[in-house]
Amino acid sequence: MYLQDILPKMSKLYLGRIVDSFLKDVHMDTEEGMREVILKNIDEFQNKERVKRYLDFSNESRDVTLLNEMILMALMEKEGYLLSESELYKEVEDMEKEILKQGLDDNYIDRFIPKDAKRIYSSVLEEAWIKDESLNAHEINILNVLRNELDLSKREHYLLESRIGRFPRKGNDLHTHQQISRSLINLQTRGLILRFREDTTYYIIPKDIARILRYEMGGELRNEVYATLLTDLNVTQLRKILNHLDFSVSGVKEVLVNRIIEYNILPSTALKVFGSKDLSDILRNLEGAKISGTKKEKIQNIIDYYETLSTPMSSDPTDERARLYDFYESLAARDYKTLRINKIIEKDVQVDNYFEEATRYLFDLKLGLDLMKMEGTRHADGKVQFSSTEVMLWDNKSTEEPYTFPEKDFKQFLRYIRSDKWRVTLFLVVVHDYTKDAVAQAQKLKAFSEEDTDVALIKAADLAYVAEEWKNFSDQKEPQFNLQVFNITGELTRNMLLSRMEWALKGSQIV
């Protein structure tokens, strides 16, 4: 979920924490005011340098620092970067228990941590801890540099800490729920996670910053995505991974894949087994992936490629258009890499048709509107009845850059409006994003339509939001969607759509 999807679900206290995280000396009295100022400054919220700055926990206590990292890792492992409050507490507790268990297993440690690296790092780690009850900033920095030099992960650092009785706390004691709660507040005040409530309380890393956060923390792959990566390797490659780490290599491919995941062999650890040439061969089979670079960079390129994968299941297996709708924003933005990885398209030219088909699915199944047939081929992408004498037309324009509403489209849309047998009261342009010039063009098209046709620009993400949420704004048992929600000229922002759904879907229709 993006920030703009989450904000309406948040109450004043938690909205205030976001505002304070990146807007200093800004005080708002109302929830709506807070949401508005956050969205107006969303570029600052998404800023990479801001995220990196707030991922520096060096001034926090040892417990807060460690729990912050564990919480973020737990969320990054989940589809949608989302967990309920109870699930999150359990995930953190289970992660700490798992590291303690693995730290006690000499065979496990010997398999995953090279002998010399273990000897050197453990000696420095023990010396750093021996003096007092915490590590100072200088000691932490030395350990970070050494870990990078020895090519050890943060998890391997935790494993070695557990063996000297310092993970997660002194005496290998687990953190309490009260301590986890303090870290959850800390992460909210940094604008790294958000808290909202529906049927229960949830914590989430907004999609706007999730990728930045994953890169900076060295996050790897969720198990379901990791399984896809492993399945794409052949049996010989899977056995090479297991043999290198001294695990059994018997069994069919599915057994080998499950064994690698079961033993918590990280993607980077598995891929390190292969030489640079082998990694290049793997990358050549991943369309659009960067092949050049050092061995470490190639491993990261493979992980990045699979990170783009979403859920392989369709939201509605009974309708093939649902799979397209699941990737609606990617189609609008012509995100070829995501679309190819998820096997939505085979050729780039399919994007336009699939974007149109997904939009028809949205109006048909999600909004429950009857689509009208259109004659010939020179017409808008869709048409629905607006009133007894009027219709609404829409057209899709997928672009990699924000839509500018060029003159050729202006003339095309004007022709659609003037040539229709019905009066076109509204023309909706569905895009990934748009420029201010595009808004001016929409206003110009209304003036030139000669029928006082409203012309509205709407982002695909916002149209999908309406499609998913509109019933929640209705006070009717079996509501019907009211097209007045879209009936303006100019841009249909998320805040405007929220306001219009508030009145347009309550009881009687307002015209």
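Leaving aside neighbours within four places in sequence, which residues is L242 in contact with? They are F247, S248, V249, L256, R259, I260 and I265, where contact means heavy atoms within 4.5 Å.

The model is predicted: local features need pLDDT of at least 70, side-chain atom pairs count only at pLDDT 80 or more, and totals for chains, interfaces and linings use all residues. Residues are numbered from 1 along each chain as its sequence is written, and side-chain values use heavy atoms, with hydrogens and water left out.

L242 is found in helix α15 (residues 235-244); helices (H or I, at least four residues) and strands (E, at least two) are DSSP runs numbered from the N terminus. L242 counts as buried because its relative accessibility is 0%; buried means under 20% relative accessible area, with a 1.4 Å probe and protein chains only.

A nonpolar core is a set of buried Ala, Val, Leu, Ile, Met, Phe, Trp, Tyr and Cys residues joined through side-chain atoms within 4.5 Å. In the largest one, of 99 residues, I205, L230 and I265 touch the most other members. Helix α6 (residues 62-76) gives the most to this core, with eight residues. A second, separate core has 46 residues, including Y361 and F473.

An open sheet has three strands in the order β1-β3-β2, with antiparallel pairing; strands pair if DSSP finds at least two bridges between them.

| Strand | Residues |
|---|---|
| β1 | 82-84 |
| β2 | 194-197 |
| β3 | 201-204 |

The edge strands β1 and β2 each pair on one side only. Three bridges join β1 and β3 in the antiparallel sense, and S84 has Y202 of β3 as its bridge partner.

Note on methods:
Buried < 20%, exposed > 50% of the residue type's maximum accessible area, 1.4 Å probe, protein only.
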